[in-house]
Amino acid sequence: MSDKFQMPSESELRNRVPCSPEPDSSFFMRVSRDSLFSSEDDNSLYFTYSGKPNVLEVKELSYQVNVAAQIPWYEKLAELKMPWEWNTGPGSHMLAIENLNVKVSSGQMLAVIGSSGGGKTSLLDILTCKDEGGKIKTGQISINGKLNTPQLVKKCVAHVRQDDRLLPNLTVRETLSFVAKLRLPRTFSEEQREKRVEDVIAELRLRQCANTRVGNVYLRGVSGGERRRVSIGVQLLWNPGILILDEPTSGLDSFTAHNLVTTLSRLARGNRLVVLSIHQPRSDIFQLFDLVLLLSSGTTIYSGAACDMVQYFTSIGYPCPRYSNPADFYVDLTSIDRRSRELEEECLEKTVSLSALFWEKVKDSSDFLWKSGEGNNALTASSEPSPLVTSEKAINIDKHSREEMPRGFQQFCILLRRQVSNDFRDLATLLIHGFEALLMSLLIGFLYYGQGGNKLSIQDTISLLFMKGSIPPFGVVLDVVAKCHSERAMLYHELEDGMYSVTPYFFAKVLGELPEHVSFTILYGVPIYWLADLNPEPENFLLNFLLVWMVVYCSRAMALWVSACLPTLHMSSFFCNVLFTIFYLTGGFVISLKNLWAVPFGFSFISFLKYGFEGLMQVQFKGLNYDLTVGNLTIKIPGQLIIEHLEVDSTPLYAIYFILIGISAGFLLLYFLSLKFIKQKSSQDW
């Protein structure tokens, strides 16, 4: 054997790029791939998928996207378009995928590569039945011979999205533990759940950061690659047979991306079927793929073994230059240059010819994969599941167990505990909110403090009561809106995955935030009351505090509803400010209600600030006498007379409490209905 065909060393294999068109390229790819898993640590599989092997097959798929439907409705309104013009016009429909055929089996990892706009994400969305705004024109997708449906996908397919949606204040182990309690059947013991969590942590190499917070952009936590592994672990906990990932290496450095794809390759060897989209993988990542699907403008340019890709393109007259990355070279070769119409048409013509040429070569094969003599053997070998299994008995989830998932009250308890754990770990935010409430209370309290032992004047007391009932609700609104929008994308993904239903989340959200709400009201309401020397009777103090608490809760419920109803943070903040301003102006202090015209007078009936102001006035003034000095004459004025003069006695005090309960319950009902019927996507997805 000549030097050219000698076995390269392991270090040489890690540095070389397998893109040479020479006859030994496939051999080189197989040797290089095996060397990556030569260590004992890499060969350790902590648990495998022990169910029946899966086969994912796509036949003659053509998919059309309604481009106009992807534009958010509020952007269409900004363009002054009428509703009947929204989904019409030239270029409103586009063929995103055309005549796609592919077949993948357990033990294989398929990489979907191509330039941006090539149809990678659209294909994964179709496979996971999450395609919105599009329509399958022809073809079908099947799993194990059964037509692909959302119900079938939920049973055997795990979808890892491109963006990580995790609670930042929980540790890696806590994040996986809460998901295990939600996703694993009730028949699992606590020891079995803990074992599954530890197996996933070990499988994904997360031991070193298991007790570290997940973190986010604002909170320091695990690294980007580790966070992506946690997202994979969330889906891996229920041990799915099919794992689909949308650009898992996006935003990661090359070394971290290589480690992540190595992990995915190891998972595929555990009798799993792995499909991932990736933009332009570097050479050592490309070596890890079993199958490659190269897409350009929705058409198939190549589909087959990764180790045969260079040989295929060499056979049709496009050899890869020596020392170049084949993924980079062939993605660039099939990319569409849109700098000018002439260049775009030229690239499209080349793409159509390459697609037609590939179809002629594979149209008679059963799996529509291009194979060379050596590639066929390599592909067969890679499709066999790995014999490496854990020495312990595997914990499986059968069909019957899937019907025994936690439901109702169990989901509520788990979500409530997760909500409280995440919120109370965010110490910085809690301290800021607490300091904000206390500072406002002290500023207002000391403003009315120091009257020389005299009672506040009637005018000052009325102003203080209205200020006390209107300032804290406004401070709560924007905080609630911001928090809801930071969580809504995670909520959308978890609801879509069937991790829990809307009802337990709703009650966990409402009840889980009560401690923070009560603490905020205490820090705000108590100092003002005693500094301003309001009615000293204990009964009046408790009634006053309860009114402030209920008014603040009404504003919180209003903010929850608006946040779930509107798509963006800016729209929710604007609409909440509008509603609050309307309720503020119709509260009975800025202008007398009898002087309002019809529309604002109608809003006053649902203004929680109005009822709060009336209740605070009645609690403060009933049973007290105020001195009014006119020249040298001092007149005692009963508090009841002040209430009647300001016309804030139209509603009895006990009825005010029931009305506030009704208003908050109404907002909470609207919040529940919004969660139920409006998809809680993040703003960038609308």
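Predicted model: local features only at pLDDT ≥ 70, side-chain atom pairs only at ≥ 80, totals over all residues.

Biologist: Okay, which helix is Gln-411 found in?

Modeller: Gln-411 sits in helix H16, which covers residues 409–425.

Biologist: Is Gln-411 buried or exposed?

Modeller: Buried. Its relative accessibility is 8%, and the cut-off for buried is under 20%.

Biologist: What does Gln-411 touch, leaving out residues up to four places away in sequence?

Modeller: Leu-182, Pro-406, Met-499, Tyr-500, Ser-501 and Pro-504.

Biologist: Switching topic. How many disulfides does the structure hold?

Modeller: The count is 0.

Biologist: What about Cys-484, where's the nearest cysteine sulfur?

Modeller: That would be the sulfur of Cys-576, 9.3 Å away. A disulfide needs the two sulfur atoms within 2.5 Å, so Cys-484 is in no disulfide.

Biologist: And is Cys-484 buried or exposed?

Modeller: Cys-484 counts as buried, because its relative accessibility is 12%. Cys-413, on the other hand, is partly exposed at 33%.

Biologist: Now the surface. Which residues form the nonpolar patch?

Modeller: Leu-438, Leu-442, Phe-446, Tyr-449 and Leu-523, with about 450 Å² of accessible area together.

Biologist: Which helix gives the most to that patch?

Modeller: Helix H17, residues 427–447, with 3 residues. Leu-442 is found in H17, and at 32% relative accessibility Leu-442 counts as partly exposed.

Biologist: How far apart are Ser-116 and Ile-336?

Modeller: In sequence, 220 residues; in space, 9.3 Å from C-alpha to C-alpha.

Biologist: And what's the C-alpha separation of Pro-185 and Met-405?

Modeller: 4.3 Å, and those two are also 220 residues apart along the chain. Pro-185 is in the loop between helix H6 (172–183) and helix H7 (190–203).

Biologist: Is Pro-185 buried or exposed, then?

Modeller: Buried, since its relative accessible area is 0%.

Biologist: Last topic, charges. How many salt bridges does the structure hold?

Modeller: There are 22 salt bridges. One of them pairs the side chains of Arg-339 and Asp-337, at 2.7 Å from N to O.

Biologist: Is Arg-339 buried or exposed?

Modeller: Exposed, because its relative accessibility is 70%.

Biologist: Which residue does Asp-367 form a salt bridge with?

Modeller: Lys-371, with the closest N and O atoms 2.8 Å apart. Asp-367 is buried at 14% relative accessible area, whereas Lys-371 counts as partly exposed at 28%.

Biologist: And what about Glu-513 and Lys-509, how do their side chains meet?

Modeller: In a salt bridge, 2.9 Å from N to O. Glu-513 and Lys-509 are both buried.

Key:
Residues numbered from 1 in each chain as written. Heavy atoms only, no water. Helix = DSSP H or I, 4+ residues; strand = E, 2+ residues; numbered from the N terminus. Buried < 20%, exposed > 50% of the residue type's maximum accessible area, 1.4 Å probe, protein only. Contact = heavy atoms within 4.5 Å. Patch = residues over 30% accessible without salt bridge, like charges linked within 9 Å, V, L, I, M, F, W, Y side chains within 5 Å. Areas by Shrake-Rupley, 256 points an atom, 1.4 Å probe, with all protein chains shown as cover. Salt bridge = Lys/Arg side-chain N within 4 Å of Asp/Glu carboxyl O.
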